[in-house]
Amino acid sequence: MISIKEFSQIEYLRPDVDALQNQVGAQISRLESASCYAEARAAYLAAENAMAEAFTMGTVAQIRNSLDTGDAFYDGEMKYINLVKARLIPLEKRGADALLSSRFRPDFEAEFGKQLLSGFELKRKLQSEAVVPDRITEGELSMKYKKTAAGCKTEFMGETCNFYGLMKHMESTDREIRKSAFLEWAKLYEGISDKLDDLYDKLISVRIDMAEKLGLSDYIEMAYLSMGRTDYTRDDTAAFRSQVRAVIVPAVAKLRKLQAKRLGVDSLKYYDETLLFPEGNADPIGGKDVLVPAASGMYHEMSAETGDFFDFMCKYELFDLDTRPGKQLGGYCTALYKYKAPYIFSNFNGTAADVGVLTHEAGHAFAGYTAFRNQPTVRYLASTNEINEIESMAMEHFAYPWIGDFFGTEKAEKARYSHLFNALAVIPYVAAVDEFQHLVFEHPEMSAAGRRDTWKRLENEYMPWRDYDGVAFLEGGGFWMQKLHIFLHPFYYIDYALAQTCAFELYGMMKKNRQAAWASYMKLCRSGGSLSYFELLDFAGLRNPFLEGSVENAVSHVIEELSVSQRDLEV
């Protein structure tokens, strides 16, 4: 029986790092000296549970810090948590060594599968006391970035807006309002650009230092290892980006021209890109108080499993959705291991993105909720990001039959078109972000100006339709700064494109046999991280996105559907 309270009632207890080291260290000693597999297994799971409980408290602090980046208490706790994580590196390495060298290793593999040992082998390559100070520094720089971005606000049309607040106005049907909001948005980023350049310089430096201390070829290798990328290399990623340029970029360029025609503008500007229909985008019919009950109805109709999941999320208040000043930007789903509970964080702004949270982040949460109840070890509660994002993105497509519940029946078709269009249109941008990061870490001597030149070149290659209407900061390559992942989660972003390719494949399956598509999806959710990336794709009956032709196979039906929908909407 899981013991859990509403999130607001969970008592935060600062992890005692000395006590934790003693407790876990004792279990590692038991593992090292175990006389039988049962004893070794019990020691391993006891150590795992102790670490999971400590990390749960760390997650509670992290969530509350992101809810209010100005909260001095949780700001201090996050500094302490980053210190704890760094100090635990030697202990984690000792634990990995003990498991990998245990004479009961074959027994562990027989019960838990080879993925458990493979994961520890990867972690061992990244664990060294030499990088402890660097891990602390990286955490401090990441926190400084979050506070810098979250602190940005401006007065616009009588209200105080942060970046997310301005985005609502950037979808206005009034082109002058869109343009004004866009200019304010750009000014906010330009106003902190020097700080962001400096922070990124320092993040690059500390990450390169860590890779060197670990004896790795470069930080790219370290990042790939950190994300469990054992099935593919940077060359495979480059080949995937090549497919994106060949197949998706021309398709999106054509759709952008049709968008300009639909809007009645001679030249599509950046502030026009988010408006798909001249009479206005399909916005949700209400805020949190309307959308959460609609989501509840959808998930109860979708399946028994999703209904139980959403009841759990609501009962224990496992989400915070509204945007407000001082709240961290973006959205995420995280996990409270002790309580076998996901948590969803977001910034609602009155646009279709709000519904995206209740499907995308809820897809992550549902996968975690399911794995919690099907996997024997916390190590298997999630897979690599390439799989995790399939679970979230596919849920967005599974939600299509209920789209009218969120947007109203009369706007349902426009909402569906918008979602599918944006899911395809973002992929070139994602690929550009990925190539940008590869180039930055392949050429660490690159200056801030050099990064902007590099980004501008990649924009021309991946998004040839992009026109910033003479805004010098963005015309000069400053747009890269708005991507949080570049600062906080390096090399993560391409996973969205890889996953969307597979989600499109699942969507194609849905059109033919929804029951079979759901069965394939549930295989991924129940499996968690118990298999490798390629093994999970194969288990779920999905193609390897790196193979030549995979991208075209996955997106061709999407491009065709958008073309047909375009004609229907014009009629």
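Mentor: Of the 571 residues in the protein chain, 60% are buried. Here buried means under 20% relative accessible area, exposed means over 50%, and partly exposed is in between, with a 1.4 Å probe and protein chains only. This is a predicted model, in which local features need pLDDT of at least 70 and side-chain atom pairs count only at pLDDT 80 or more, while totals for chains, interfaces and linings use all residues. Residues are numbered from 1 along each chain as its sequence is written, and side-chain values use heavy atoms, with hydrogens and water left out.

The chain as a whole comes before the single residues. Its secondary structure consists of 25 helices and 5 strands; these are DSSP runs numbered from the N terminus, with helices (H or I) of at least four residues and strands (E) of at least two. The radius of gyration is 24 Å, close to the 25 Å of the globule rule for 571 residues, so the chain is as compact as a globular protein of that length. That radius is taken over C-alpha atoms, and the rule is 2.2 Å times the number of residues to the power 0.38. The C-alpha trace spans about 75 × 50 × 50 Å along its principal axes. Of the contacts (heavy atoms within 4.5 Å) between residues at least 6 apart in sequence, 75% join residues at least 24 apart.

F309 belongs to helix α14, residues 304–315, and counts as buried because its relative accessibility is 0%. Leaving out residues up to four places away in sequence, F309 touches A362, A365, F366 and Y369. M167 sits in helix α8, residues 163–169, and is partly exposed because its relative accessibility is 28%. With residues up to four places away in sequence not counted, M167 touches W185 and N349. N349 is 182 residues from M167 along the chain, and their C-alpha atoms are separated by 7.6 Å.

Most residues other than glycine have a negative phi. F491 is not a glycine, yet its phi is positive, about 70°. The loop that holds F491 runs between α21 (484–488) and α22 (494–512). F491 is buried because its relative accessibility is 0%. K340, also a residue other than glycine, has a positive phi near 50°. K340 lies in the loop between β4 (332–336) and β5 (341–348). With a relative accessible area of 35%, K340 is partly exposed.

The structure holds 0 disulfides, a disulfide being a pair of cysteine sulfur atoms within 2.5 Å. C152 is in none, and the nearest cysteine sulfur to it belongs to C161, 13 Å away. C152 is buried, since its relative accessible area is 7%. C333 is likewise in no disulfide, and the nearest cysteine sulfur, from C525, is 12 Å away. C333 is partly exposed, since its relative accessible area is 25%.
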